[in-house]
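Student: Please go through this structure with me in short questions and answers. I want the cut-offs along the way.

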Amino acid sequence: MMRVRADDSKGRVLVATRDIAVGEAVCRIKGPVVANRGSHTIERLRHVHIAPDSDFIYTSHSCDPNCEIEFGEPDWLLRAIRAIQSGDELSFDYTTTEYVLFNPFHCSCAAAAESCLGFVNGYKHLTAWQKEQRKGKVSPAILQYISAAAATESGKEKEPPQILHLVGTSEIVS
């Protein structure tokens, strides 16, 4: 369903090897829990990262992505949100999973000017309007950061929501 391809500007990218329908699961996102965030980790819960152990790590960022992450339990899935043709680069919006990116970067997604972030540095650095556009699409980790920020603003301590089951390894869905 997907393979890694060399790209002159991005290094390596993940591309579809067949047409993928809207709503179709592209891959499961699993990996070991790691102590620190890194270039290829995903923040599963606030301050808890996983290191996906599949080609998922080559999924590109786009401000107008063709995939979204479905934050289910126990598995997270990369799911197509529009029709993807064979050979198309697979992408999702990194600001939906990372509060602060380990390696911020200038966006090269070629999204329409009004939707392109220009510089991708994580959810924390989005404008209120950009955060509103991602409502309902962010990870449990970002929801925990939002909850903690709201508690701080209101002067009350709140416990962030807890998710107890973490997944172990990545696998491809076919």
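Student: Which residue in E9 is the bridge partner of Ile29?
Tutor: Helices (H or I, at least four residues) and strands (E, at least two) are DSSP runs, numbered from the N terminus. Strand E3 (residues 25–29) and strand E9 (residues 76–80) run antiparallel and are joined by four bridges; two strands pair if DSSP finds at least two bridges between them. In E9, the partner of Ile29 is Trp76.

Student: Before we go on, what pLDDT do side-chain atom pairs need in this model?
Tutor: Residues are numbered from 1 along each chain as its sequence is written, and side-chain values use heavy atoms, with hydrogens and water left out. This is a predicted model: local features need pLDDT of at least 70, totals for chains, interfaces and linings use all residues, and side-chain atom pairs count only at pLDDT 80 or more.

Student: How many residues of strand E3 are buried?
Tutor: Buried means under 20% relative accessible area, exposed over 50%, and partly exposed in between (1.4 Å probe, protein chains only). Strand E3 is mostly covered. Of its five residues, the buried number is four.

Student: Which strands are the edge strands of the open sheet of three strands?
Tutor: The order is E4-E6-E5, with antiparallel pairing. Two bridges join E4 to strand E6 (residues 48–50), and three join E5 to E6. The edge strands each pair on one side only: strand E4 (33–34) and strand E5 (42–45).

Student: What is the phi of His47, and is the residue buried or exposed?
Tutor: His47 lies in the loop between E5 and E6, a hairpin with two residues between the strands. Most residues other than glycine have a negative phi. With a relative accessible area of 54%, His47 is exposed. Although it is not a glycine, its phi is positive, at about 65°.

Student: What is omega for the cis peptide bond that joins Glu73 and Pro74?
Tutor: Most peptide bonds are trans. Pro74 is found in the loop between E8 and E9. Its cis bond with Glu73 has an omega of about 10°.

Student: Why do the rings of Phe92 and Tyr94 count as tilted?
Tutor: Rings of Phe, Tyr and Trp (its six-membered ring) pair if their centres lie within 6.5 Å; planes under 30 degrees apart count as stacked, over 60 as edge-to-face and the rest as tilted. The whole structure holds six aromatic pairs. In this one the centres are 5.0 Å apart, and the pair is tilted because the planes meet at 45°.

Student: What is the volume of the largest pocket?
Tutor: On a 1 Å grid over the protein atoms alone, a cavity is a set of points where a 1.4 Å probe fits but cannot get out, and a pocket is an open set with protein on both sides within 12 Å along at least five of seven lines; lining residues have an atom within 4 Å of a point. Grid points are joined across faces, edges and corners, and a volume is the space filled by probe spheres set on the points. Ser39, His40, Ile57, Thr59 and Tyr94 lie nearest the centre, among 30 lining residues. The volume is about 670 Å³.

Student: Which strand gives the most to the lining of the second largest pocket?
Tutor: This pocket has a volume of about 340 Å³. Strand E8 (67–71) and helix H1 (128–133) each supply at least two lining residues. With four residues, the top contributor is E8.
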